[in-house]
Amino acid sequence: MAVEKRFKVYKEDFANAGNVSSQIKQMVKDLKVDTMVLRHIVVACYEAEINMIIHSNGGEIVYRLHDKRGVLTLEFNDVGPGIPDVKKALTPGWSSASQKARQFGFGAGMGLANIIRVSDDFNLNTSEKGTSLKLHFNIK
Amino acid sequence: MTVEELNEELHFEIFANKDSLKKEISTCFVSDLLSFVMGYGKPGSIWVTVQAHMNVIAVAVLKEFSLIIVTSDVKLDKTFIDKALKENIPLMKTTLTSYEVCKRLVNLGI
């Protein structure tokens, strides 16, 4: 049986950017996982959370701990508008971030690259209805 | 070197809780792009930047940085300073550019 917790994320909510990642960081810290694994989870979670805030119409982050299997799953599910060109989006340095986002230092185009680098498994599905990013981390 | 010891050398304007002055400094990272900082910053770092908004504090907390130095005389508003104090991240402010700050840090062995 998995332990599950859900968090809402809102479009362009820059004031609260990182709050969900901070909460998830504390939850993972309490599991006493390896320090490097914790840091990887934090980087991936933050980048994905920021992507939702910058690029989506909002959505939900799902934390799911499969304790017996030693796997943590993080799901980032939004309600649109989808990623028009996934290949471009996965290209380091490429970004469709708004001017507002860039003023805050976002939009370097490194988010997905960072996520892929630190996750043990990565799955991305997208359409106009929304995007679902699923990440797996081996925590034991 | 601790934040306190560094402050004795740099004499920048500083905003910090007493206990956060004891934070050890491991290295330095210079960037104004948050994804680069998230991807490559190391725990215990000094973060040198011109960015001075709440997301900077969030990143510094998540990456376990020891200090943020905001350069080029960028204004720090009260909410930013209060957030840094609440999250126990020391802040320094200077009129020097990021390049000039880095030169000083290198000369101090960081």
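## A guided tour of chain A

With 140 residues, a compact globule would have a radius of gyration near 14 Å, and chain A agrees because its own value is 14 Å. The radius is taken over C-alpha atoms, and the globule rule is 2.2 Å times the number of residues to the power 0.38. This is a predicted model, in which local features need pLDDT of at least 70, side-chain atom pairs count only at pLDDT 80 or more, and totals for chains, interfaces and linings use all residues. Residues are numbered from 1 along each chain as its sequence is written, chains are lettered from A and ligands numbered from 1 in the order in which they are written, and side-chain values use heavy atoms, with hydrogens and water left out.

**Whole chain.** Select chain A and display the C-alpha atoms, which fill a box of roughly 40 × 25 × 25 Å along the principal axes. Helices (H or I, at least four residues) and strands (E, at least two) are DSSP runs, numbered from the N terminus.

**Helix α1.** Next, select residues 19-30, the helix α1 of chain A, and within this helix pick A:Val28. A:Val28 counts as buried because its relative accessibility is 1%; buried means under 20% relative accessible area, exposed over 50%, and partly exposed in between (1.4 Å probe, protein chains only). Across chain A, buried residues make up 48% of the 140 residues.

Which residues does A:Val28 touch, not counting those up to four places away in sequence? Select A:Val33, A:Leu38, A:Ile41, A:Tyr63 and A:Leu72 to see them; contact means heavy atoms within 4.5 Å.

Move to strand β3 (residues 71-78) of chain A, which runs antiparallel to strand β5 (residues 130-138) and is joined to it by seven bridges. Two strands pair if DSSP finds at least two bridges between them. At A:Val71, look across to A:Asn138 in β5(A), which stands opposite.

Then select strand β4 (residues 121-127) of chain A, which pairs with β5(A) in the antiparallel sense, also over seven bridges. Here A:Thr126 has A:Thr131 as its bridge partner in β5(A). The hairpin formed by β4(A) and β5(A) has two residues between the strands.
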